[in-house]
Amino acid sequence: MLPQVPLPLLPPLLPLNLALSRLMRGIVARHPAILRRLGPHATARILLDVTDAPFPLLFEPARQRVSAHRRATLPTADAVIRGKLAAFLAMLHGGVDGDALFFSGALAISGDTAAVLALRNALDDAELDLSEELLALSGRAAPVLQPALALVARRTGLALSRQEGLA
Amino acid sequence: MMELVCPAGTPAALRAAVEAGAHAVYCGFADETNARNFPGLNFSRQEMAEAVAFAHARGAKVLVAINTFPRAGDQALWHRAVADAARAGADAVILADPGLLAFAAERHPGLRLHLSVQAAAANPDAINLYATAFGVRRVVLPRVLTVAEIAAINREVDVETEVFVFGGLCVMAEGRCSLSSWATGLSPNMNGVCSPASHVSYSDVQGQSEARLADWLIHRTAKGASVPYPTLCKGCFTSADGKGAVQTGHIFEDPVSLDATQLIPALQRAGVRALKIEGRQRSRAYVAQVVRAFRAAVEAAEAGAPMPESLLASLTEGQAATTGSYAKTWR
Amino acid sequence: MDLTVGANAFFWSAAAVRAFYAALAQTPVARVALGEWVCSKRLPFWQDEIPHAVDTLRAAGKEVVISSLTLITLPRERRQTAELAEMGLPVEINDLSVLRHLPDGAAFWVGPVVNVYNEGTLEWLARRGATRICLPPELPLASVARLAEAGRAAGVAVEVWGHGRAPLAISARCYHARLHDRAKDSCQFVCADDPDGRDVDTLDGRAFLTVNGVQTLGRAVTTVAHQIAELRAAGVSALRLSPHVGDFAGVVRAYAAALQGQTDLGADLAGLMPGATFCDGFLAGQAGAAMTGG
């Protein structure tokens, strides 16, 4: 679990934000349909409150920006999706159905439901693979993220790649 | 073998459905011409053409849903959708509006027409009317019918019948419901949405979770329990009888979903041509899992083998399932 | 623009029906549709009143048509529908399947629960013999205006839902019976207990919907009291008034007076239907339950 990762391996937030945003820009460039599907909801600020991670993530698709925030100073957001990291990753990678996660309470949403729906449909169609997206990164971002995520995958069994079909 | 007709809200879901064994996939354009006009969902014209090519290369069919009711003064939007579906090579279009059916029959005589469940054709007279007037080749039957009624219909009509076997149930006659526009101004018939996300809000009030549709309280649960999406007809309400008794609960329907797997052999004997899975708004994960399960069931029915036990509980709303109206006691 | 009174949606006693049509015959309504459009199980209890009501209304110079059911699924319902065409009156169809029972080219009306949303459908119905169409209550004014124009060109009178709790949904399942823990087949006719329908409120106490047997209606009473000028300008042929308990003849007279000249119809209705709330959102392109006028 991330909290067990020794602190020196966790970067301060600004470099992390730069790395995450670069990851996002790469994803958007490689999957242009995401922004098209978001349509008017691309300008929504959507907070992913990952409850078992040290920081929630704010997505601003139209600005192609992702930023991590400290819990003490949560940013304003149009919508919030709350849940454990495993649930988010499983949904992103097509391993578990998003509605099933909502029905069971594994994910909860508040705020602009239409924006969350647009994001969910856009990402589901994009068939993302975070590991692939990381490899596509060049420069300083990959060395920051890749070992941290590899450690996470090993320790937690979290889905960090696109899954073909459900368990 | 009965034809398995599967939902695809996105190109990724369509590919998942075809690879999971769908005989046919139904989908719509990204506008109000179909009844799943949700944010981020559906196909551009280009995506539709690519999807048809993908499906055809693997021996599957694509049916394009253009099943809302064209707006007066803006019929051209729906006419273009029919033309674009034909141009993309769709195997059929699924329509509900008589005016649009008349247009398609006249201007696209080679295009196969299916009658949407939105036309609420619930008896042989209705079905034969559409068959005679427009040359409709298949009808999607409303979910209000029993297996016996379906068998009786098949004896009296020449068109193929398609029956829902899995997914979210409409508790009212489809295509004839204005509950959503009563509360929000947006309806399935006019806008292709029901209980739209744009009018949904969740909140925590005094220790309870609430779900509202345009400020109408639809669900309330104890904090910590997940509160369902506020689909209007599945809400929790109260009703007083005027003599002092008050009923509180799901006045119109419990929020359960349909799973008619066990009735597939009976539906086959009743002459049903195609089985339909609901869920264009669901993920590619849902589609893959459900299609795989039902393809196995359809093959088992074809072989006269027993139906598999349903493994799909986690995907059904309310995590419980019903055979809907197909068993007689539902009324 | 004049007035049509539609078929009664509720389950009233034979005596109540008789009194209702006797009073209605004395009002300025131009035409009346009557018949059972909600639940076929009710018919045996009041259908003997139909010939008398028809005679009474015709003697008073009203045009009369007979309404079909909305949802026709059972074999006996199909037979009853076939018999409608043999009553010697024009039929108001509340389901397209009824067309199969009408002689080719026979004139018919189209009721408010048939989906006439656009010119193409209107023109198709006109070609089949429709002479009058009551539009779906959820249509906004812009659509109403285009359809009224298409109707004029096609020789079809176009009406709008002008007064009454709007029909929002129909089901094979009886939610009225369900409120009494019964199924439709063994309902014991509980809908007769609620001659204006049974209230459905939200958990936080807001008046929301009405259950009437297998039909679900709005709760606030839809009225076009503040939209008459726009409807007239749009070329609408008539307002469809839907029967309710109370001084309905008074309601009809209030609308007739409003059509003749400036009256405060909103105030008149509030006086005639104390305890009712009113709404007009559909025509204004908003939520049906909203009130924009007055």
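This is a short talk through a predicted model, chain by chain and contact by contact.

Okay, some housekeeping before we look around. Residues are numbered from 1 along each chain as its sequence is written, and chains are lettered from A and ligands numbered from 1 in the order in which they are written. Since the model is predicted, local features need pLDDT of at least 70 and side-chain atom pairs count only at pLDDT 80 or more, while totals for chains, interfaces and linings use all residues.

Let's start with chain A. It has seven helices and five strands. When I say helix or strand, I mean DSSP runs, numbered from the N terminus: H or I with at least four residues for helices, E with at least two for strands. Along the sequence, the pattern of chain A reads α-α-β-β-β-β-α-α-β-α-α-α. Of the 167 residues in chain A, 41% are buried. Buried here means 20 or more other C-beta atoms within 10 Å of a residue's own; exposed means 12 or fewer, partly exposed is in between, and the C-beta atoms are placed from the backbone.

Two strands pair if DSSP finds at least two bridges between them. Look for A:Gly83, whose bridge partner in β5(A) is A:Leu107. By touching I mean contact: C-beta atoms, placed from the backbone, within 7 Å.

On to where chains meet. 24 residues of chain B are in contact with 29 residues of chain A. On the chain B side, α1 (11–20), β8 (200–205) and α10 (284–302) each supply at least two residues, and the largest share, five residues, comes from α10(B). That side divides into 12 nonpolar, nine polar and three charged residues. For those classes, Ala, Val, Leu, Ile, Met, Phe, Trp, Tyr, Cys and Pro count as nonpolar, Asp, Glu, Lys and Arg as charged, and the others, Gly among them, as polar.

Next, a pair of helices from two chains. Helix α4 (residues 98–107) of chain B and helix α5 (residues 119–128) of chain C pack at about 85°, with axes 6 Å apart. Axes are lines fitted to C-alpha atoms, for helices over the stretch in contact, and angles run from 0 to 180 degrees between N-to-C directions. So α4(B) is roughly perpendicular to α5(C), a label for 65 to 115 degrees; under 35 is roughly parallel, over 145 roughly antiparallel, and the rest oblique. Among the residues meeting there are B:Phe103 in α4(B) and C:Trp124 in α5(C).

Last stop: B:Tyr26, in strand β2 (residues 24–27) of chain B. Is B:Tyr26 buried or exposed? B:Tyr26 is buried, because 30 other C-beta atoms lie within 10 Å. Not counting residues up to four places away in sequence, B:Tyr26 touches B:Val5, B:Pro7, B:Leu63, B:Ala65 and B:Ile94.

Methods:
Two residues are in contact if their C-beta atoms, placed from the backbone, lie within 7 Å.
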